[in-house]
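Subject: Handing over the structure

Hi,

Here is the structure I promised to pass on to you. Have a look at it first, and then read on for what I found.

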Amino acid sequence: MIEPSRLASPPRSHWRHQRDRLATGLIAAGGIGVVGAVMAIGAFLAFEVLPALAGGGIDTERLRDALTPMAWGTLKAALGAMVFAIPLALGAAMHSALFMSQRLRSRMKPSLEMMEALPGVVVGFIAGLVLAPWIERHLAGSLALLAILPLGVLLAAASWRRLSVGWRRRLPLSRAGLWLIPWLALLGYASFALSPIVEARLFGGDLRVWLDAELGLDYATRNALIVGLAMGFAVMPSVYALAEDALSGVPSRLGEGAHALGATRWQTLWRVVLPAAAPGIFAAVMIGAGRAVGETMIVLMASGNTALMSLNPFEGMRTMAAGIAVEMPEAVPGSEEYLLLMLAALLLFAFTFLVNTLAEVVRSRLRRRYRWLGGAP
Amino acid sequence: MTIQGKWRWPRACLAALWLSLPASAAADEPVGTLGMVGSDTMAGLMLRWGEQLAARHPGIRLQLQASGSASAPPALAAGTTRIGPMSRPMRDHERTAFIEEHGYPPVELEVARDALVVIVHRHNPLEFLSLAQVDAIFSRTRRCGAERELDRWERLGVETIEGRIELHGRNSASGSYGLFRQRALCGGEYRRRLNEHPGAAAVVAAVTENPEGIGYAGLNHLTPGVKALALEVNGNRYRPDAERVRQGDYPLSRSLYLYANLPPGEALSGPERALLELILSPEGQATVSELGFVALSGEALAQQRRRLGLDTSP
Amino acid sequence: MKRRAVRRLPRSEGPWAWLAAGSVAVSLLMLGGLLLLIAVRGLGHFWPASVALVTLDDGRAIAGRATRELPLVGQEGNERLYFTGNRDFDGHVWEWIPVSAIASQQRPVDLVVLERRRYGDFIGRLVAVGPVGLSVDHPDQEAVWPRLQARLQAQQALRDERDRLVRDTLRPLVQRVDANPGDHDAREALAEVNDKVRALQAGMHGEVAIVESVGGRRLEQPLDEVLRAWRPNAMSPVEKLMAWAQNVWRFLSEGPRDVNATGGVWPAIFGTVLMVLLMSLLVTPFGVLAAVYLNEVAHQGRMTHLVRIAVRNLAGVPSIVYGVFGLGVFVYGIGSSLDEWFFSDALPSPTFGTGGLLWASLTLALLTLPVVIVATEEGLARIPVEQREGALALGATRLETLTRVVLPMAVPAMLTGVILAVARAAGEVAPLMLVGVAKLAPQVPVDGEFPYLHLERKFMHLGYHIYDTAFHGNDVQAAMPVVYATALLLVLVILLLNLTAILLRHYFRARHGVLARQP
């Protein structure tokens, strides 16, 4: 295999080295240029907005008036999304990192990656035009589902313990993510079929009227619940992927030690693996929050775009991203409206950049720690 | 309107086209490209007119840049386009800019009528609202003189629908938002509770699904899923039907315009003349009603044709 | 020992482990439900559904397709929404009917659906076909239907001939006359062609079909406005399947009609593909350049580490912020300057100073740059240091090592990055709304006019088509099927792209083994 290297003659070698230096220089210049161009985004927004802000180009009163509901709505929407996404994503990550077989996991990850790739405009369309009116008509059933699904899983777990050994082998916990699906679908169907009866008994026939009369809660068709559900669906896969990476990256020695001492897998996870991976999970949640804050199309189509500032989960909101998308094309450059939207963009940029940097720093620390602990990757 | 009435126009114009065929002399056949810049509300209308024009005169092509009514006046003033469709009349400063540039005012042509309609769910028993009531429902300033705000259906005397009134409207950049605010809210502020939808069709869809909803949308977006309300002004009730909108009695009606750059005393160019001839013909006006707007009255048509020096007997 | 562990009874793990498993199930259920919904509704749209003849309690009859059913407000029972067509009669195409008011329902085979160029679909019965003004004294039901089909085919042939004449002969002549108004030969030739076109159109105008709604109202329908006709209740399942396939093809290959509410999405497919192509042409070299710089050239110090973190972060910056950047820098900044320098005669109507294909591609290239950089860097980092050292030891310069050894090995990673970038860009809508997508672009950005590719033109996009049709059309209910079908198409395209990227990455990992160096 070893061939003698054909060394070029000195003058040619000189030219080669010159060329090499030149090319390296060009690559460096180009690379710095590209990286600089990417970074220019923040600089551009700051240059557009800050001078006007400092020079009094914007009426602060109006600014507060327009921006506060938008900021409030952005946070409310992101919070709603995280309420849905975090339990689902972290649960799924724990299950797939610790309980699933390697084979199943290698199938599971890509299919959830596909979920991440679903365009926001499609999710938003389904949420705003299909799901929102449907949930409004089946509110009791939908809310009941929030309680019924976990209870159904626990019920399945309890009956699983009573099963014969053969059945328990056939339906192992490591595949529960799959064989629970039909059972949960059945529960969902039952919940919607039975909810009108319950609604008639407990809430006088219409839960929405009851909410309004008893609790003073207004129900808007497009509300934080819908946005949270849809955006949680969109954000969940990325949180899952990062959290799963963090969990499965924990050096296996730690877990094996706990197992040897007689801990169950869940105890190992809770006491040993989770504390070790906590920074990674924190980073995953932060990155998810960053995505939820900036998601545009879902909010635009499912939020109702109402400039309300309320805590009521059944009312809509207006977010910065959606506001920019709707109003920006009509805004005259340099006008107050334009500056205001630019400011909103700058805030979005700054917020997501900070959150992501924090997450990234935490993650790289974590990686170093794993390596120090002697884990594989 | 009877079927006969609706179908008289297309048939008449087909016959007219048939008759006019041999008469068209080969030499003065209009040829060229008509560029237009303006309203997006009228984009569908302009495109349909373009198709019909191409059928009448295969040599003419229409190029449309529909980026909003506000884009028409500067393009007209600078002379980049000679025809600009607009869904609102030109404002004073826009007109002044045009006159400063050219020394004469642009020709304003009314080409169709349109209206904003207040809509509720199809099962809502409400039939009409006064303008002050509309203001009290949609606005937090109540400039039109209502004494108290209306935020629940019970207060309007509606028994079958319970709960808070849910408001649906357009986003603040749209022309409808401004028009409704100016005419129905007496220039006041919208309530914060308003759902600001990015399109009129979305407003109609939202009210269709939402029994507690009320909203406003253009006439051409109405479907049987919603019910259009009559409006009461000074004790008279006006339904948003074609006749009321045409006459302008319905308080939220408006005109759609075409502005043309035509120096006084000069004749229209061939393609322009062909286009305006089409728009102001029964065939062109049939397209207006086909797309859900309201066609102009015969009188208004004849008047506009006279102003352009077109043959007044179509 | 391992064997015994397997034989042992599975141990109970407590409730939390089960809840974790449940969250996997719920996620998969939601994903599957969403995909199923889009697939069923999107594909169902093309099926030629049967038409029901509904007689109401009050004796009124309507014909239409049942679309949805909702509970009545404030009363017991349901109401059903029928698509009844015939907008020229009723002014609308929908009818809400309380289910309790329906006396009887039939599916008579003689119901005809006409797809028309104006006023949308007609649903009713066919009475006669013939020249304008024909009498309908003794309609012969059986002979009329084949006759209509034959006449429609003849019409289609005439239409094709006219379109060909206009495209091949008339347009070039018009351009000649436009360029040189004194060209008499061209003018005469033009007049001749015009007469030919007119004669063809006159031939098309002459024929009508007399149709009757189930309510008994008659209409003389000019045949040149009828695109297709079918009798859904008389079709066998095989015929329906063929019609379904044909409809799918028409959806993919035709342009939209009726303000996007019907017709196909060809211009949107074209626009999406063209924009994504341009974007990948822009993003690939720059992304690879930056990755090579960061991984191979730059000193691996604190600064590079920070830059790397920043680049990764930019992948998390909301897409709408990129849209604002594109609008402010590309459209209003660079575009306006370009207009002032090169297109000043067209001002104030902007050429590049408004959103367009070029700016949209550039914005999305910027948006996806971090994706490509990260993926390429990952690929570069996986290449064992020994490879580089070996090349260098054999006397290669750094450039040679890079181009002959390192880059070829990193090609799959770059490809993965570009495919992921394309998948992300194809689904991104928010930034496009600011930098150049159009609701309806009658002219595609590529045509026979110099310079053939018109970078300044606006274009249509599948994702924006969904948003626009669902919110800005005339009638959301009527546009829903198109929205579902477009959503299905977009999801399929994106899933396919992602699947390719995943497989590629898989293959690549299998070939090069585990990580050699951590970035």
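To start with chain B: what percentage of its 314 residues count as buried? The figure is 52%. Before going further, please keep in mind that this is a predicted model, so everything below is computed from predicted coordinates.

**Chain B**

Chain B has 11 helices and 12 strands. Among its contacts with a separation of 6 or more, 73% are between residues 24 or more positions apart.

There is an open sheet in chain B that you can pick out by its strand order, β5-β10-β11. It has 3 strands and its pairing is mixed. At the edges sit β5 (128-130) and β11 (236-238) of chain B, each of which pairs on one side only. From one strand to the next, the twist averages 30 degrees. If you want to look at one pairing in detail, take β5(B) and β10 (residues 230-233) of chain B: they run parallel and are joined by 3 bridges. B:Phe128 has B:Ala230 in β10(B) as its bridge partner. Then look for helix α5 (residues 131-138) of chain B, which lies across β5 and β10 of chain B and runs at about 85 degrees to β5(B).

**Where chain C meets chain A**

How many residues of chain C are in contact with chain A? There are 80, and they touch 85 residues of chain A. On the chain C side, α2(C) gives the largest share, with 19 residues. Sorted by class, that side of chain C has 61 nonpolar, 15 polar and 4 charged residues.

One helix pair between these chains deserves a look of its own. Helix α7 (residues 176-202) of chain A and helix α2 (residues 15-44) of chain C have axes that come within 8 Å and cross at roughly 65 degrees. That makes α7(A) roughly perpendicular to α2(C). The crossing is right-handed. From α7(A), the residues making the contact are A:Ala176, A:Gly177, A:Leu180, A:Ile181, A:Leu184 and A:Ala185. Those from α2(C) include C:Trp18, C:Ala21, C:Gly22 and C:Val24. By class, this helix contact has 12 nonpolar residues, 2 polar ones and no charged ones.

**Where chain C meets chain B**

This contact takes 41 residues from chain C and 43 residues from chain B. Several elements of chain C each supply at least two residues to it, among them α3 (87-90), β4 (94-98), α4 (141-179) and α15 (476-512). The largest share of the chain C side comes from α5(C), with 8 residues. By class, the chain C side has 24 nonpolar, 10 polar and 7 charged residues.

**Strands in chain C**

Strand β7 (residues 122-131) of chain C and strand β8 (residues 207-212) of chain C run antiparallel and are joined by 6 bridges. Here C:Val129 stands opposite C:Ala209 in β8(C). β8(C) also pairs with β9(C), again in the antiparallel sense, over 5 bridges. In that pairing C:Ile210 has C:Glu220 in β9(C) as its bridge partner. The hairpin of β8(C) and β9(C) has 5 residues between the strands, and in it C:Gly216 takes a positive phi near 95 degrees.

Why does A:Phe314 count as buried? Because 20 other C-beta atoms lie within 10 Å, and 20 or more is what the label takes. A:Phe314 and A:Tyr219 are 95 residues apart in sequence, yet 4.9 Å apart in space, C-alpha to C-alpha. Leaving aside neighbours within four places in sequence, the contacts of A:Phe314 are A:Leu217, A:Asp218, A:Tyr219, A:Ala220, A:Asn223 and A:Leu225.

The other stop is C:Met480, which lies in helix α15 of chain C. C:Met480 is buried too, with 22 other C-beta atoms within 10 Å. C:Met480 and C:Arg41 are 439 residues apart in sequence and 9.2 Å apart in space, C-alpha to C-alpha.

Happy to go through any of this with you.

Best wishes

Terms used:
Residues numbered from 1 in each chain as written. Chains lettered and ligands numbered in written order. Predicted model: local features only at pLDDT ≥ 70, side-chain atom pairs only at ≥ 80, totals over all residues. Contact = placed C-beta atoms within 7 Å. Helix = DSSP H or I, 4+ residues; strand = E, 2+ residues; numbered from the N terminus. Nonpolar A, V, L, I, M, F, W, Y, C, P; charged D, E, K, R; others polar. Buried ≥ 20, exposed ≤ 12 C-beta atoms within 10 Å, placed from the backbone. Axes fitted to C-alpha atoms, helices over the stretch in contact; angles between N-to-C directions. Parallel < 35°, antiparallel > 145°, perpendicular 65-115°, else oblique. Left-handed = near helix turned anticlockwise from the far one by under 90°. Pairing = 2+ DSSP bridges.
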